[in-house]
Structures are given as structure tokens and as C-alpha cells.
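Colleague: I'm new to this one and would like to learn how to read it. Could you walk me through a few features?

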Amino acid sequence: QLRELLKSLKVHDVIPILLWDKNETINLPEWGLVSYQDMENHATRTLFMRPALRQKMIESYQHRQDDLKRCFRAYGFEPIFINETFSTQSINCYLQQRTP
């Protein structure tokens, strides 16, 4: 769906802003029970965390960010990721790089 949307927006000046919370993977425990709640349907899922699953989740999170970058860039849009270190300076730098 994202690719179809970006295809239709290609004629516009789009700034993809992604809210990206690194804390979702940084503070994962090596071992133990971890509960997650889906923000859309509020379903809860409990996982038994172990080192291999933790590493898989961290890698999956990074792959998702890389995939999103490639997807947006394929349509000429450079995404900006906003995380816990958000500053207006980062937005200003992004916008200054865009101007001819």
C-alpha cells in the first residue's frame, strides 16, 4: 500500500516523517517475559525473551528502517526519522539540504 501511495504522490513535494522509538529494541532483556501491546487493536502478546530472539528483533527493527528508507528513496523522497533525540535543529538541517 505504501508504494502505491508514494507512486500517486510523486508529483508532490513530500517530506516523509517517521516517528522512530529506538527504546523498543535498546532495552530488551536477554532473558525473561516481555509483554507487547499492539497500538492499533490493543491486543497483548507475551514473549519469552532469550538472546537469539532479542537479536532477531533488533535486526528486524533495523531491516524495517532500511526497507522504509529504500522505499521512500525509490520515489525521490528522503525520509527523516524522529526519535528520542528530536531537535528542531535536525529538522532545520533537513530542510536546508532540500533547498536548491
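Colleague: Which classes of residue make up the lining of the largest pocket?

Modeller: Nonpolar means Ala, Val, Leu, Ile, Met, Phe, Trp, Tyr, Cys and Pro, charged means Asp, Glu, Lys and Arg, and the others, Gly among them, are polar. Here the lining has 9 nonpolar, 5 polar and 5 charged residues. Bear in mind that this is a predicted model, where local features need pLDDT of at least 70, side-chain atom pairs count only at pLDDT 80 or more, and totals for chains, interfaces and linings use all residues. Residues are numbered from 1 along each chain as its sequence is written, and side-chain values use heavy atoms, with hydrogens and water left out.

Colleague: What volume does the largest pocket have, and which residues lie nearest its centre?

Modeller: On a 1 Å grid over the protein atoms alone, a pocket is an open set of points with protein on both sides within 12 Å along at least five of seven lines, and lining residues have an atom within 4 Å of a point. Grid points are joined across faces, edges and corners, and the volume is the space filled by probe spheres set on them. This pocket has about 640 Å³, and of its 19 lining residues, E24, Y36, Q37, M57 and Y61 lie nearest the centre.

Colleague: Which element gives the most to that lining?

Modeller: Helices (H or I, at least four residues) and strands (E, at least two) are DSSP runs, numbered from the N terminus. The top contributor is α3, with 4 residues.

Colleague: Is H42 buried or exposed?

Modeller: Buried is under 20% relative accessible area, exposed over 50%, and partly exposed in between (1.4 Å probe, protein chains only). H42 comes out exposed because its relative accessible area is 53%. H42 sits in the loop between β2 (32–37) and β3 (44–49), and has a positive phi of about 65° although it is not a glycine.

Methods. 1 Å grid on protein atoms, 1.4 Å probe; cavity = no way out; pocket = protein on both sides within 12 Å on 5 of 7 lines; lining within 4 Å.
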